[in-house]
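My notes follow the sequence and structure.

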Amino acid sequence: MAQLIPLVTRDPALVRAAQALRHDVFVAEWGARPGPPGLETDDFDADADHLVLRDSARPDLGIVATTRIARGARYTQREFEMGPLMRSRRPLAEMGRTCLHPAYRGGTAAFTLLRAALDHVALLGAEVVVGAASFPGADPQMHLPALRRLTQEALAPPALRPVASGPNAIEIAGEAPRSAMQGVPALIKSYIRAGAWVGQGAWRDPAFNTVDICVVLDLDRLRLPPLPQARVPARA
């Protein structure tokens, strides 16, 4: 059985290992614009805490999941106007750059990562967590049914609703059948099951080759489901 161990760190070696996993997912798999060889980095890494997940049953894999946590919403504000949340004066934290090794998707790792992240957010004194969550592929049309369904099911209330802003903002109008949720990435579905809302509109990020939505989680309405049974991924 997998033994998933979360750790919040700023240790340079572990941060580089997290950035290497991000490169494998965002650059090699999703087609984001490459940066330093073998790493996916940005200017926000230095001021953030990095939550990493390791599996003691598979030490050969190193870090199997990661997310970045910081006070405020500096990164998210590049894509979404946060006026209502800022005026609420509720303490904010943001999560971002979340990714999982392919062998750990669809199981216990995403839940373990989210639980550990929210524990850390609580230690930071935040009441609301925000973040830009991504659909891989920067063509909005391919994601439009899923984006419409998300908006139907989980649009944030006006007092907590970020709005996509700027020339890359995408308006989401119209309806879609429930089956359109099949097009929503599993990680975003995990957030919605935990009680998260989504902001209004989406944001096209051609450099990252994604379409982003803003996820908003009020910790007062948190509802984490039970963890699924963990399995040890087969060795390559």
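**Pockets**

I looked up the largest pocket, and about 690 Å³ of space lies in it. For a pocket I used a 1 Å grid over the protein atoms alone and took an open set of points with protein on both sides within 12 Å along at least five of seven lines, where lining residues have an atom within 4 Å of a point. Grid points are joined across faces, edges and corners, and the volume is the space filled by probe spheres set on the points. The lining has 39 residues, and the closest to the pocket centre are Trp30, Thr98, Leu187, Ile188 and Tyr191.

I note that this is a predicted model, in which local features need pLDDT of at least 70 and side-chain atom pairs count only at pLDDT 80 or more, while totals for chains, interfaces and linings use all residues. Residues are numbered from 1 along each chain as its sequence is written, and side-chain values use heavy atoms, with hydrogens and water left out.

Next I checked which elements line the largest pocket: α1 (12-29), β5, α3, β6, α5 and β11 each supply at least two residues. β6 gives the most, with 7 residues. Helices (H or I, at least four residues) and strands (E, at least two) are DSSP runs, numbered from the N terminus. By class I find 25 nonpolar, 7 polar and 7 charged residues in this lining. Here Ala, Val, Leu, Ile, Met, Phe, Trp, Tyr, Cys and Pro count as nonpolar, Asp, Glu, Lys and Arg as charged, and the others, Gly among them, as polar.

The second largest pocket has a volume of about 240 Å³. Of its 18 lining residues, Glu40, Thr41, Asp42, Arg97 and Phe208 are the closest to its centre. Its lining has 9 nonpolar, 2 polar and 7 charged residues.

**His120**

His120 is in helix α3. Is His120 buried or exposed? His120 is buried, with a relative accessible area of 12%; buried means under 20% (1.4 Å probe, protein chains only). A polar contact of 2.8 Å joins the side chains of His120 and Asp49. For a polar contact I required a pair of N or O atoms within 3.5 Å, where within protein one must be able to donate a hydrogen and the other to accept it, and residues adjacent in sequence count only if both atoms are side-chain atoms.

How values were computed. Buried < 20%, exposed > 50% of the residue type's maximum accessible area, 1.4 Å probe, protein only. 1 Å grid on protein atoms, 1.4 Å probe; cavity = no way out; pocket = protein on both sides within 12 Å on 5 of 7 lines; lining within 4 Å.
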